[in-house]
Amino acid sequence: ELVELQAEAMGMPLIMKETQGEKEKELEDLRAAFRESKTKYGIEGIITGALRSNYQKERIERIAAEENLKVFSPLWHVNQETEMRLVVNKFELIFTGISAYGLDKSWLGRKITEEDVDRLVAFDKKIGMNIAGEGGEFESLVLDGPAQMFKKRLVIEESEIVEEDENTARLVVKESRLVEK
């Protein structure tokens with residue numbers, strides 16, 4: 001729900017489309033977003049953040065090809081530990097949801113660090129966790145990044161943690177704003 005502020009922080013246009021997440025209907029929702037982006041902004045391609053999910057990558061590529069859009073997946077098959085270390089060193093990242101053994105509410109709403117990546121790697125070795133969260137282990141939110149990308153910084157003013165159980169919780173952001181860097 002904070003993607004509008006993220007887009008503003010980066011000075012990027014944004015097209016939002018709701019989907020019910022129904023298996024084949026969501027592809028038509030994606031197609032509609034691609035078409036609107038082509039019409040409104042003249043886009044020629046799509047950049048994905050997919051690391052390993054063939055399911056996601058193939059579906060995006062299929063819809064993009066049908067709409068004559070190129071697809072670039074710069075992180076495809078990048079080592080997940082390498083990717084996470086790059087992200088935490090270049091961006092201010094927090095977890096907004098956790099849903100995996102080994103993670104608890106203490107992970108929510110605070111900056112994720114190199115030491116946290118070490119902990120995720122240890123969890124992966126011990127219990128087989130996807131350290132980049134592609135299996136739904138966590139949800140993340142970028143608050144800030146390099147100045148050439150982020151013109152402003154997202155600040156969370158008020159939030160609360162809602163727990164389902166010891167290893168499943170989410171950060172509910174109640175108030176947030178952008179600040180100049």
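This is a predicted model: local features need pLDDT of at least 70, side-chain atom pairs count only at pLDDT 80 or more; totals for chains, interfaces and linings use all residues.
A search of the whole structure finds 23 of them.

**Stop one: helix H2 to helix H3.** Select glutamate 26 and arginine 59. Their side chains form a salt bridge, with an N to O distance of 3.7 Å. Glutamate 26 sits in helix H2 (residues 25-41) and arginine 59 in helix H3 (residues 54-66). The pair links distant parts of the chain, 33 residues apart. Now colour by accessibility. Glutamate 26 is partly exposed, at 25% relative accessibility. Arginine 59 has 12%, so it counts as buried, the cut-off being under 20%.

**Stop two: within helix H3.** Select lysine 57 and glutamate 61. Here the side chains meet in a salt bridge at 2.6 Å, N to O. Both residues lie in helix H3, 4 residues apart, or about one turn of the helix. Lysine 57 is buried, with a relative accessible area of 15%. Glutamate 61 is partly exposed, at 30%.

**Stop three: helix H4 to helix H5.** Select arginine 85 and aspartate 118. The salt bridge between their side chains spans 2.6 Å, N to O. Arginine 85 belongs to helix H4 (residues 80-90) and aspartate 118 to helix H5 (residues 114-127), so the bridge ties together parts 33 residues apart in sequence. Arginine 85 is buried, at 18% relative accessibility. Aspartate 118, at 40%, is partly exposed.

**Last stop: a network.** Which residues are linked in a network of salt bridges? Select Glu28, Arg31, Arg35, Arg62, Glu66 and Glu67 together; salt bridges link these residues in a network.

Technical notes
Residues are numbered from 1 along each chain as its sequence is written. Side-chain values use heavy atoms; hydrogens and water are left out. A salt bridge is a side-chain nitrogen of Lys or Arg within 4 Å of a carboxyl oxygen of Asp or Glu. Helices (H or I, at least four residues) and strands (E, at least two) are DSSP runs, numbered from the N terminus. Buried means under 20% relative accessible area, exposed over 50%, partly exposed in between (1.4 Å probe, protein chains only).
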